[in-house]
Amino acid sequence: MLAKRIVVCLDVANGRVVKGTNFVNLRDAGDPVELAKRYSNEGADEIVFLDINASHEVRPTILDVVSKTAREVFVPLAVGGGVRSVGDARLLLNAGADKICVNSAAVSRIDLLTELSSEFGAQATVLAIDAKNSDHGWKVYIKGGRQATDLEAANWARLGQNAGAGEILLTSMDTDGVRNGFDLNLVNAICAVTSIPVIASGGAGSAQHFVNLFTTTEASAGLAASIFHEKATSISSIKQVLNEENITVRLA
Amino acid sequence: MIALIDYGAGNLFSVANGLGAIGATFRFVREPSELRDDDKILLPGVGHFGQMMASLDKLNLRDALIGAAKDGRHLLGICLGMQALFEWSEEAPGISGLGLLPGTVRSLPEHCRVPHMGWNSARFADGEANWFYFANSFIVPVTAATWATTDYFGEFSSAVRQGNLCGFQFHPEKSSRAGLELIARWCQDAG
């Protein structure tokens, strides 16, 4: 049976992993290659690198991080930040990335998803959605959560899937950093209108939050960052709890 | 020496990294004249079946690969590279694969999330089972060449083996230690 995935996200700025909320109070959390190696050894099913400074280009520092990591870490690597074209994506894939995450660039030009998907396959094309609750439903935000759009998250997810995305990386801006659990309503709303895998992000604080995610939604994966950086819990102990709850996970 | 076929596949560098990690010697091969008689051939692949066959045709590699396999050289296909060993795929009706193994690559059932993405268990004919990383939207049904099976809304071939031909539907190059060990074993078995 297909295992539920625990995905670790590493925010990268100028070649270092950073932690902090909403781009403020960024603190150094370590070397990306070393951290990726450590999390992979602890049982991470996938690593996501997000270049949080990139806006208009794929920067040489992230290419360097990806290529060094890919030579030493043999689990899937997804990379996002600054990807605006097939050429950008190719740079990252050639450096050793397996999947490309796009967010703002897909909102400005949805055809990008179609182009990436037909060039590299749907399995390499990840639509990242940052969503925030409002009186009019979940709104999609771009530019690292700094700019609202008129898009409703579930509609956008469906459009993105139809355009060629093979996976959705769904971040709830309401639960992000709060560590009070994933935004289960949002995850259910997105899963209900899509038939591609959904990675839920934002709000993970404990193993029980992952249990809740996988027992009440169809999410394929749960993503976390800070709880692992701060060693609040470990990937292997989360997987142990999931396994005890009869949720299929890959035990290393 | 391993001839790693370079026709622009997205996982080419991941496979190269995997070969590097196990200390296997390899070189990239882009045209038929670069293939040597004592090569073991590794055919990577992700993406679209029709596009992959078109890329191989453009480089005149189709006949070279079929000829090499028929001469008994070891050929390993990974992911889409495994699917290309078969005759046809529902992903690209009317476009023929290498046809080295009989059968048609099928779609996954409609009611499941596609691609089949993530770690799933592959059970080999000898009873051994392990976790491997998959990212596929189409499957090879269980056939006479099936070496391992995996369950995702039904059983499919996650590995095939017949004579000098071998294929993995999953990505051993992305499947941590278990995957790298499997590649190393193929290198050893292929001599």
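Predicted model: local features only at pLDDT ≥ 70, side-chain atom pairs only at ≥ 80, totals over all residues.

Q: How does the radius of gyration of chain B fit a compact globule?

A: The idea is to compare the value with that of a globule of equal length. A compact globule of 191 residues would come near 16 Å, and chain B has 15 Å, which agrees. Along the principal axes, its C-alpha atoms fill a box of roughly 45 × 40 × 30 Å. Buried residues are 54% of the 191 in chain B.

Q: What does the secondary structure of chain B consist of?

A: Chain B has five helices and 12 strands. Three of the strands make an open sheet with mixed pairing, in the order β5-β6-β9.

Q: Which strands of that sheet stand at the edges?

A: Look for strands with a single partner. In chain B these are β5 (88–89) and β9 (138–139), so each has one side without a neighbour in the sheet. β5(B) pairs with β6 (residues 104–107) in the parallel sense over two bridges. Trp88(B) has Thr104(B) in β6(B) as its bridge partner.

Q: How many residues does each chain bring to the contact?

A: The size of an interface is often given as accessible area lost when the parts come together. Here we count residues instead: 30 from chain B and 27 from chain A. On the chain B side, α1 (12–21), β7 (116–124), β8 (129–136) and α5 (176–189) each supply at least two. The largest share, six residues, comes from α1(B). By type, the chain B side divides into 12 nonpolar, 14 polar and four charged residues.

Methods:
Residues numbered from 1 in each chain as written. Chains lettered and ligands numbered in written order. Helix = DSSP H or I, 4+ residues; strand = E, 2+ residues; numbered from the N terminus. Rg over C-alpha atoms; globule rule 2.2 N^0.38 Å. Buried ≥ 20, exposed ≤ 12 C-beta atoms within 10 Å, placed from the backbone. Pairing = 2+ DSSP bridges. Contact = placed C-beta atoms within 7 Å. Nonpolar A, V, L, I, M, F, W, Y, C, P; charged D, E, K, R; others polar.
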